[in-house]
Amino acid sequence: MTQELSDFIQKLFSINNIPTRAVTIPCDDFDWLDHGLRNNILGDSRLTEQCNERLEKLPGFTVQYFKDVFQCCYAAMRCGGKNEFFLVGPVLFENITGAQFDNLFVRLNLPERLWEPLQAYYYGLPVFTDQSSFETLLTLLANYIYGEGQYEIQRSSETDLDDWYQMYNNYLQVPDQPFQGIQYIEERYQVENDLLQAVAKGNENQALELLARFNTITLPQRLPNALRDQKDYCITLNTLLRKSAEQAGVHPIHIDAYSNQNVQQLEAITSLEQINPFRRKIVLGYCRMVNEYNLKDHSLPVQKIINCVNTDLTADLSLKAFASRPNINASYLSSLFKKEMGVPLTEYVNQHRIEHAQRLLLCTDLPTKSVAVQCGVSDMHYFSRLFKQIVGVTPKVFRESTSRADFYQINQAVSPADHAAGEKSG
């Protein structure tokens, strides 16, 4: 293909926002074809080899249309010399968003960590809603290159470009044991469901027993990198446990902090031996979160107060402020809170502020005045007096005489979310 013709063709398609490229095989890099989807997002580096093989087998005087399992559409045709080709795509013929994206993601059974990258990938693809117009452009081009009616049109199935998809869907097939895969999946899902229920109840012993059983199940390796594969399974488990805690009545503010912390720590893991201990850690963390933050037994007004206190200690946490929000009588709200929590609202708020101050004093180098401000007390003298009243010593003495180990041993009820808050402040 001459440079002049190549420029004209690319301009014709670029007007319609359709990616095109002329290529000569063998080509040592085809990652541009799918915008890096397989290599950079899926971790599958075989695209270049597959494309070279596919194009080499493409007959002359042929326009081939093909669509991958991600619903991305392409076209290929020989042009010019024997090893010269013209490629078109990827193009979408409809937006892959909302429920359609959810269904596609579930159907492909992809790991949870790919959710956001794949969504971002789709947002960057051109959408050409009129498929017939798209094919008309290819027909005009083929007529120009081959002559009208002098070529064939081929259409391939979705899975031709993605043999990994078929391989994964059949990973449980065992010769002479046709139902072993079914039993395997049923057992795995039953253990997972039992584990989620145990976490939702905050039952640590039962959850750990089920986790030990889960760890004996050999999970199929879906990626070439075994460690990356196990990390993906851990991310999926973290997501399931997150939803379990939410269903138990834990506010998302606590779940989100702990869940994000888990993913960050997971990425720092460097060996397969660290995977099972990490699973144990996150299961225990969610159980303890449910036990501390399960608010289903409290009335809605009290739930809102507790969530506000746990979310932002620097906010106005006075009875007057809370009474104005739900639009109920302050006296009634005060009585309701004391009845359900066993202490007056002011005492509850002060206790939480000083507990947070203790963590900041031990886990950070913040000046005492800054600690007071972060706990919602702007008056330093009042803060010192309140701290001594609750803890028994001044903030300075507490910081100098108490170790973090001693503090957490005394306060064993410190939640995963509180640990995350302490690390964030540090």
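How many nonpolar, polar and charged residues does the lining of the largest cavity have? Before I answer, please note that this is a predicted model, in which local features need pLDDT of at least 70 and side-chain atom pairs count only at pLDDT 80 or more, while totals for chains, interfaces and linings use all residues. Residues are numbered from 1 along each chain as its sequence is written, and side-chain values use heavy atoms, with hydrogens and water left out.

The lining in question has 10 nonpolar residues, no polar ones and 1 charged, where Ala, Val, Leu, Ile, Met, Phe, Trp, Tyr, Cys and Pro count as nonpolar, Asp, Glu, Lys and Arg as charged, and the others, Gly among them, as polar. A cavity here is a set of points on a 1 Å grid over the protein atoms alone where a 1.4 Å probe fits but cannot get out, and lining residues have an atom within 4 Å of a point. The largest cavity has a volume of about 70 Å³, taken as the space filled by probe spheres set on the points, which are joined across faces, edges and corners. Its lining includes F30, R54 and F66, and helix 3 (47-57), strand 3 (73-78) and strand 4 (84-91) each supply at least two residues; helices (H or I, at least four residues) and strands (E, at least two) are DSSP runs, numbered from the N terminus.

The second largest cavity holds about 50 Å³ of space, and helix 10 gives the most to its lining, with 4 residues. That lining divides into 5 nonpolar, 1 polar and 2 charged residues, with R188 and E192 among them.

Technical notes: 1 Å grid on protein atoms, 1.4 Å probe; cavity = no way out; pocket = protein on both sides within 12 Å on 5 of 7 lines; lining within 4 Å.
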